[in-house]
Amino acid sequence: MERVPVLDEPLKKLLGAATAKVMDEHLGLRTVGDLLHHYPRRYEERGQLTALSELPLDEDVTVVAQVADARVHTFNGGRGQRLEITITDGSGRLQLVFFGRGIHKPHKELLPGSRAMFAGKVSVFNRRLQLAHPTYAKLGADNGEDEVDSWAGALIPIYPACKGLESWKIAKAVDAVLPSAQDAADPLPPALREGRGLTGLPDALRKIHRPATKADVAAARERLKWDEAFVLQVALARRRHADTQLPAVPRRPAADGLLTAFDAKLPFTLTEGQQKVSAEIFHDLSTEHPMHRLLQGEVGSGKTLVALRAMLAVVDAGGQAAMLAPTEVLAQQHHRSVVEMMGELAEGGMLGGSEHATKVVLLTGSMGAAARRQALLDLVTGEAGIVIGTHALIEDKVQFHDLGLVVVDEQHRFGVEQRDALRGRAKQPPHLLVMTATPIPRTVAMTVFGDLETSVLDQLPAGRSPIASHVVPAADKPHFLARAWERVREEVENGHQAYVVCPRIGDDEDDTAKGAQKKSPEDEAEKRPPLAVVEIAEQLRTGPLAGLKVEILHGRMAPDGPGGKDDVMRRFAAGDIDVLVATTVIEVGVNVPNATAIVIMDADRFGVSQLHQLRGRVGRGSAPGLCLLVTEMSEASPARQRLTAVASTLDGFELSRIDLEQRREGDVLGQAQSGVRSSLRVLSVLEDEEVIAAAREEAAAVVASDPDLTRLPELRTALDALLDKEREEYLEKG
């Protein structure tokens, strides 16, 4: 069925070319339907005035207030005129300024005692907040009767606005298209709507834009939240359903094969969590449809061990397993730790190898030609049961004998296209296990990774030590920084090692590490480039850490050879280096139990989850860990508050909530990967957990009974609107 034509009408037909152009360019609104879904941010009540005392600087605001006084001042020897008007709302006062010829109209209209809505950008002049040349709409008897009612009716909608298009102009445009709301096709199945007591879509659109009471707003929001949650969950449920239709080879481990031999040589018992998650994975692997599972685990919860046991089960069943890592350093690290954990079981075809052994090969872009040829040969013949590598694994030249399982480490570093390409390397779809050490709140997992089943490892294995975290305010208290370097020396004197992390490499001008955040307002304010590995390492060698073995590691170093990345990492792991000064290449997976301290320079330039990842590099052995977050930000800055939050908890899920609140969620379908405007307007993935969970259940039931939605053409229409081509591809590949 075609989408409802009325809602597809271009706005320029109804509103005029100039208004439609601003709406398109600044707000991304092109059709009647787009404008109907541009909901008010909040509502002003008649007689209730906006708090002028809480105006945000440099933001466009709309305020309802009363004129307290108005004065004309002259300057330039009487040649220039300035109109200053003070408005008040009981909570505070705000100054409006108009210059030149622009003073005449407001001077006549904005008399003391009159009330109006004012819109403009908040700026500061002489340490006072002001709006310069605000636009305004009077609320009073001299407007037409209807306009007074619409401006100062029971609830005045305040819309997200932009320069050149104030809230009340958007409200007028909405009035022009609101009659079309009655033609809106309702995507919610009637049974769901009635069962949950939700109002119809045309009614919800009228109520959200022109509510008579607060109850109208609540009913409309509740209904519109369901639209967003349900349509998104149907998209994900259809994805899951399609996956269950794909064939896959069941992979059941042999009764006493490689996995049994591996478990027998483990020097410890698995945690309860590891056993439970392993059982979920083995169950999925034994079915005739591809597993699609997300394994979430706190830093150090033993995800790699769980993934390795899954890979061994697949090798036992005659298949091959591939593990994809985001960086060469990490691929080499994984290869080393897997070979160490397996011992003689990783020596398939070699003297001294166990009878159950297989070959574990490494494949990265920078390998020598001979080693690479041998690795490719081992894969195509099936000699190698396990391969670990970077995206070099998904090049066309790589052929597998029988790829049964793909493990992707650190989902947020890996594009969906790459995962898709690797899945395409198999004769039929392999099972897929995605691992992430970035804890994701449950509802976000249900939306962002809604097409994956989720397993969570939330226990730390025995023997992991606590990590103490502290903020080091280098600008306010320089002696704290001096003490930080003393603490690093003490750790080294006690036989341990340390990391120092910087946001930049420093061997040319434009090389901010990819992980560090884009310039924040605080950065702009201080104009200092982020601290760099090369410079800090030199300062430490000649200054506070003189006499210690200090070396550097960053992504632009050659991977192999003396002084290469792998060489440095190997020597650090062996204890030959005291302090490693690095970029975020050490963020994930690097495991050196003897490293007990990490100092993060310019910590304010990293995201919350990134800091949590970096901190997870220490406290991996029996000695307690220490994490020092060095910053020059002032105590009142948001960046400093973010660091305090990181220092105050080791709970990754709590931190991921803070991170999400700070980033305002973005587009939960993955803005970076789909490049499309946010699909969520009223739904909050943090606050609306119940709606999302209920919508997921309802969506699964609908899709199970009618996968193609043939009986629900309106839902199909809404789905097509949500899943434009890019989104459809994003979900296809997810």
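# Chatting through a predicted fold

Tutor: Let's open with a helix pair: helix 13 (residues 303–316) and helix 14 (residues 328–342) pack at about 70 degrees, their axes 11 Å apart. Axes here are lines fitted to C-alpha atoms, for helices over the stretch in contact, and angles run from 0 to 180 degrees between N-to-C directions. Helices (H or I, at least four residues) and strands (E, at least two) are DSSP runs, numbered from the N terminus.

Student: Before we go on, what kind of model is this?

Tutor: This is a predicted model, where local features need pLDDT of at least 70 and side-chain atom pairs count only at pLDDT 80 or more, while totals for chains, interfaces and linings use all residues. Residues are numbered from 1 along each chain as its sequence is written, and side-chain values use heavy atoms, with hydrogens and water left out.

Student: Good. How are helix 13 and helix 14 oriented to each other?

Tutor: They are roughly perpendicular to each other. The cut-offs are under 35 degrees for roughly parallel, over 145 for roughly antiparallel, 65 to 115 for roughly perpendicular, and oblique for the rest.

Student: And which hand does the crossing of helix 13 and helix 14 have?

Tutor: The crossing of helix 13 and helix 14 is right-handed. A crossing is right-handed if the near helix is turned clockwise from the far one by less than a right angle, and left-handed if anticlockwise.

Student: Which residues meet there?

Tutor: From helix 13 come Thr-304, Leu-305, Leu-308 and Leu-312, and they meet His-334, Val-338, Met-341 and Met-342 of helix 14. Contact means heavy atoms within 4.5 Å. By class, the contact of helix 13 with helix 14 has six nonpolar, two polar and no charged residues. For the classes, Ala, Val, Leu, Ile, Met, Phe, Trp, Tyr, Cys and Pro count as nonpolar, Asp, Glu, Lys and Arg as charged, and the others, Gly among them, as polar.

Student: How about helix 9 and helix 10, at what angle do they pack?

Tutor: Helix 9 (residues 201–209) and helix 10 pack at about 130 degrees, with axes 8 Å apart. Helix 9 and helix 10 are therefore oblique to each other, and their crossing is left-handed.

Student: Who makes the contact?

Tutor: Helix 9 brings Leu-201, Ala-204, Leu-205, Lys-207 and Ile-208, while helix 10 brings Asp-216, Ala-220, Arg-221, Arg-223, Leu-224 and Asp-227. Sorted by class, the contact of helix 9 with helix 10 has six nonpolar, no polar and five charged residues.

Student: Switching topic: is Arg-615 buried or exposed?

Tutor: Arg-615 is buried, at 2% relative accessible area. Arg-615 lies in helix 22 (residues 608–615), and its side chain is joined to that of His-612 by a polar contact of 3.1 Å. A polar contact is a pair of N or O atoms within 3.5 Å; within protein, one must be able to donate a hydrogen and the other to accept it, and residues adjacent in sequence count only if both atoms are side-chain atoms. Not counting residues up to four places away in sequence, Arg-615 touches several others, including Ile-467, Cys-627 and Leu-655.

Student: What does the side chain of Ser-637 reach?

Tutor: The side chain of Ser-637 reaches the backbone oxygen of Ser-634 at 2.8 Å. Ser-637 lies in the loop between strand 21 (625–631) and helix 23 (638–648) and is buried, with a relative accessible area of 8%.

How values were computed. Buried < 20%, exposed > 50% of the residue type's maximum accessible area, 1.4 Å probe, protein only.
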